Amino acid sequence: MQGAWERTAGETIAAATTVAGESEGVVEIECESAVWAEELSLMEARLREGLNRELGGEEPVQGLKFRPAGTDRGKVLGN
């Protein structure tokens with residue numbers, strides 16, 4: 001999943017993020033800051049569509065959740 005995320009997000013975003021987990025079609029992305037998490041949450045639909053294209057025939061991603069690094073999993077941003 002990390003490789004697909006990096007290809008979808010591009011070099012700049014990928015350098016500031018890491019795939020932290022996946023559960024029931026929702027991928028959690030850890031961001032280097034709250035600013036990144038907020039900005040990416042605004043881009044969620046476009047990033048999700050691109051990730052689904054990149055993954056091809058695999059199970060589709062239903063949503064992306066963004067959280068700053070060091071934040072507990074209960075505090076995420078996104079749909």
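A nonpolar core is a set of buried Ala, Val, Leu, Ile, Met, Phe, Trp, Tyr and Cys residues joined through side-chain atoms within 4.5 Å, where buried means under 20% relative accessible area, exposed over 50% and partly exposed in between, with a 1.4 Å probe and protein chains only. The model described here is predicted, and local features need a pLDDT of at least 70, side-chain atom pairs count only at pLDDT 80 or more, and totals for chains, interfaces and linings use all residues. Residues are numbered from 1 along each chain as its sequence is written, and side-chain values use heavy atoms, with hydrogens and water left out.

The largest nonpolar core has 17 residues, and those with the most contacts inside it include Trp5, Leu47 and Phe66. Helices (H or I, at least four residues) and strands (E, at least two) are DSSP runs numbered from the N terminus, and those giving two or more residues to this core are H1 (2-9), E2 (26-31), H3 (34-42), H4 (44-55) and E3 (63-68). Contact means heavy atoms within 4.5 Å; apart from neighbours within four places in sequence, leucine 47 is in contact with Trp5, Thr8, Ala9, Leu40, Leu64 and Phe66.

Rings of Phe, Tyr and Trp (its six-membered ring) pair if their centres lie within 6.5 Å, and planes under 30 degrees apart count as stacked, over 60 as edge-to-face and the rest as tilted. By this rule there is one aromatic pair: the rings of tryptophan 5 and phenylalanine 66 have centres 6.5 Å apart and planes at 50°, so the pair is tilted. Because tryptophan 5 lies in helix H1 and phenylalanine 66 in strand E3, the pair ties together parts that are 61 residues apart in sequence.

| Residue | Relative accessible area | Class |
|---|---|---|
| Tryptophan 5 | 0% | buried |
| Phenylalanine 66 | 0% | buried |
| Glutamine 62 | 52% | exposed |

In H1 the buried residues are Ala4, Trp5 and Ala9. They cover an arc of only 120° around the axis, taken from the directions from the helix axis to the C-beta atoms, which puts them on the same side of H1.

Glutamine 62 is found in the loop between H4 and E3, and, leaving aside neighbours within four places in sequence, glutamine 62 is in contact with Glu24, Gly25 and Arg48. Glutamate 24 belongs to the turn of the hairpin formed by E1 and E2, which has two residues between the strands, and has a positive phi of about 50°.

Conventions. Two strands pair if DSSP finds at least two bridges between them.
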